[in-house]
Amino acid sequence: MVEQQVSSSVQTYKVSSLDSKKSLKSSFLSFIGAHEIFMPETWKTALTELVATASLMFTLTTSIIACLDSHEVAPKLLVPLAVFIIAFLFLIVTIPLSGGHMSPVFTFIAALKGVVTLVRALIYVIAQCIGSIIGFIMLKCVMDPKLEHKYSLGGCTISNDSDKGLGSKPQVALLVEFSCTFLVLFIGITLGFDKKRSKELGLPMVCVVIAGAMALAVFVSITVTGQLGYAGVGLNPARCLGPALLKGGLLWNGHWVFWVGPFLACITYYGVSINLPKESMTLENGEYDVSNLALGHSKSVSRSAVSNDLQV
């Protein structure tokens with residue numbers, strides 16, 4: 001009788017342990033979004049990311065090279081404008097379709113914030129990298145060989161030549177990548193992931209803010225810190241990967257900077273964002289006006305003096 005009870009309890013324990021393991025496994029798979037692998041919508045959005053990234057790389061790179069190779073006195077001032085217009089157009093089209101990531105940076109921060117699952121994020125990043133390669137293959141086929149050599153196929157470069165200034169130092173480029181990416185995240189993503197304010201402003205205005213933040217980051221990197229040997233902020237590791245795979249050579253020098261910098265910025269921004277105030281600080285007009293506070297203090301002093309006289 002005792003043996004039967006012991007065996008039944010052992011069987012019950014085994015069944016419960018198996019159930020708990022299955023429960024943990026199912027919870028983990030649900031957490032990472034494994035079910036999305038079998039959803040056609042996931043692959044449709046991934047295809048959208050691939051096509052959009054390829055088109056963006058082709059359009060953006062040709063426009064930037066055209067600006068830099070123009071005979072304008074200050075061609076670098078045209079680059080942020082080109083970035084703003086192109087980014088705005090692509091964002092306003094792709095945000096309703098796939099979220100408008102087109103960069104592993106935006107996908108990574110979206111995964112950290114829980115906007116997309118880890119599985120979808122991985123699929124997006126793979127699609128973006130493939131899209132970048134396709135976009136630069138198309139660009140390489142139509143680009144003038146002289147311009148391709150001059151601008152390294154529009155890739156992200158860090159020269160090893162120490163005589164080319166601060167821009168050639170990987171640690172400085174890493175700081176620029178981190179700072180500029182954080183700038184874009186803090187301005188653009190803070191608004192973009194805020195459903196209430198995004199709904200109030202509307203999609204066009206949200207796209208204007210995000211595109212403006214990207215243009216500002218590019219302007220800072222190429223006009224202030226950008227020097228010979230450094231092509232300016234990448235903001236998109238996939239954009240740097242395509243030319244490096246196709247052209248190689250110097251494009252692999254410091255290539256890690258264009259991945260580590262943005263991802264460190266994403267982690268830092270995530271830590272900052274979870275500590276941002278949930279509601280805006282709204283005060284009544286003049287509630288803490290200095291003159292009002294001074295007058296209120298003087299009135300309270302006079303009242304206390306009168307009350308002391310009455311008591312006397």
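Residues are numbered from 1 along each chain as its sequence is written, and side-chain values use heavy atoms, with hydrogens and water left out. Because the model is predicted, local features need pLDDT of at least 70 and side-chain atom pairs count only at pLDDT 80 or more, whereas totals for chains, interfaces and linings use all residues.

The predictor's confidence in each residue is given as pLDDT, from 0 to 100. The chain has a mean pLDDT of 82. A value of 70 or more is reached by 76% of its residues. Over residues 162-167 the pLDDT is below 50. Beyond near neighbours in sequence, this stretch has 12 contacts in the model; a contact means heavy atoms within 4.5 Å.

The chain contains 12 helices and zero strands. Both kinds of element are DSSP runs, numbered from the N terminus (helices: H or I, at least four residues; strands: E, at least two). Of the 312 residues, 38% count as buried. Buried means under 20% relative accessible area, exposed over 50%, and partly exposed in between (1.4 Å probe, protein chains only). Accessible areas come from the Shrake-Rupley method with a 1.4 Å probe; for residues, only the protein chains shown count as cover.

The largest nonpolar core has 39 residues. Such a core is a set of buried Ala, Val, Leu, Ile, Met, Phe, Trp, Tyr and Cys residues joined through side-chain atoms within 4.5 Å. The residues with the most contacts inside this core are Leu56, Phe106, Leu185, Met214, Val218 and Leu235. Helices that each supply at least two core residues include H2 (40-68), H5 (118-142), H7 (170-192) and H9 (203-225). H9 gives the largest share, eight residues. Leaving aside residues up to four places away in sequence, Phe106 touches His101, Val184, Leu185, Ile189 and Met214. A second, separate core has eight residues, among them Ala46, Ile123, Tyr124 and Ala127.

Nonpolar side chains also meet at the surface. Leu77, Phe186, Ile187, Leu216, Phe219, Val220 and Val272 form a nonpolar patch with about 520 Å² of accessible area together. Patches are made of residues with over 30% relative accessible area and no salt bridge; like charges are joined within 9 Å, and nonpolar side chains (Val, Leu, Ile, Met, Phe, Trp, Tyr) within 5 Å. H7 and H9 each give two or more residues to the patch. The largest share, three residues, comes from H9. Val272 lies in helix H11.

The structure holds five salt bridges, each a side-chain nitrogen of Lys or Arg within 4 Å of a carboxyl oxygen of Asp or Glu. Glu36 pairs with Arg120, the closest N and O atoms being 3.2 Å apart. Glu36 sits in the loop between H1 (2-32) and H2, and Arg120 in H5, 84 residues apart. Both residues are buried.

Lys150 and Asp69 form another salt bridge (3.2 Å, N to O). Lys150 belongs to helix H6 (residues 145-150), and Asp69 to the loop between H2 and H3. Lys150 is exposed at 55% relative accessible area, whereas Asp69 is partly exposed at 31%.

Lys140 and Glu148 meet at 2.6 Å, N to O. Lys140 is partly exposed, at 33%, while Glu148 is buried, at 10%. A network of salt bridges links Lys140, Glu148 and Lys247.
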